[in-house]
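Q: Hi! Could you walk me through this one while I have it open in the viewer?
A: Happy to, ask away.

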Amino acid sequence: MLYRNVLLIVLVSLFAISSCKETDDDILDIPNCFIPIYNSFVNEQSDCQGASIVAYAFQENEVFALIDGECITDMSITVYTQECDLLCLLAGISGQTECQGVDFFDEAIQVRIIWDGL
């Protein structure tokens, strides 16, 4: 009986540790220059429904899309390169979908969600 209780405690502990690690890996797997952009966006958008940061494969590179939540009236998407350069601004009032001469949403493939708000 004692053996089963100890085993149960160990399994629950391992599950709790591993479930937290998934989010940490995504955050750690971003360029260092992107961390201030990430922190600023999360602080500004943490209470906004639909806000997220998503990594995409786009034109043979990984890019990061900061998707404004419902708190921002035009709900724009700002796309950054791995070097943290602004690549393009999408959606918004103008409905812009073109990035680097192609339709971003036709060419980009979602790789992972780095942060997802409410």
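**Cysteines and a helix**

A: Let me start with C71: at 48% relative accessibility, C71 counts as partly exposed. Keep in mind that this is a predicted model.

Q: Which cysteine is C71 joined to?
A: C71 forms a disulfide with C48, at an S to S distance of 2.1 Å.

Q: What is the handedness of that link of C48 and C71?
A: The link is left-handed, with -115° about the S-S bond. C48 lies in the loop between α2 and β1 (52–58), while C71 lies in the loop between β2 (61–67) and β3, so the pair ties together parts that are 23 residues apart in sequence.

Q: And is C48 buried or exposed?
A: C48 is buried, with a relative accessible area of 2%.

Q: Good. How many disulfides does the count come to?
A: The count comes to three disulfides. Counting bonded cysteines along the chain, they follow the pattern 1-4, 2-3, 5-6.

Q: What about C33, which cysteine does a disulfide join it to?
A: C33 is joined to C84, with the sulfurs 2.0 Å apart. The torsion about the S-S bond is about 85°, so this disulfide is right-handed. The pair links distant parts of the chain: C33 is in the loop between α1 (2–28) and α2, and C84 is in the loop between β3 (76–80) and β4 (86–91), 51 residues apart.

Q: What are the relative accessibilities there?
A: C33 has 36% and counts as partly exposed, whereas C84 has 14% and counts as buried.

Q: Where does C88 come in, and which cysteine is it joined to?
A: A disulfide joins C88 to C99, with an S to S distance of 2.1 Å. The torsion about that S-S bond is about -95°, so the disulfide is left-handed. C88 lies in strand β4 and C99 in strand β5 (residues 98–99), so the pair ties together parts 11 residues apart in sequence.

Q: Are C88 and C99 buried or exposed?
A: Both C88 and C99 are buried.

Q: Changing topic: which residues of helix α2 are buried?
A: In α2, which spans residues 35–45, the buried residues are Y38, F41, V42 and Q45. They cover an arc of only 95° around the axis, which puts them on the same side of α2.

Q: Then what does the face turned away from the buried side of α2 carry?
A: That face of α2 carries the exposed residues P36, N43 and E44.

Methods: Residues numbered from 1 in each chain as written. Predicted model: local features only at pLDDT ≥ 70, side-chain atom pairs only at ≥ 80, totals over all residues. Heavy atoms only, no water. Buried < 20%, exposed > 50% of the residue type's maximum accessible area, 1.4 Å probe, protein only. Helix = DSSP H or I, 4+ residues; strand = E, 2+ residues; numbered from the N terminus. Arc of directions from axis to C-beta. Disulfide = S-S within 2.5 Å.
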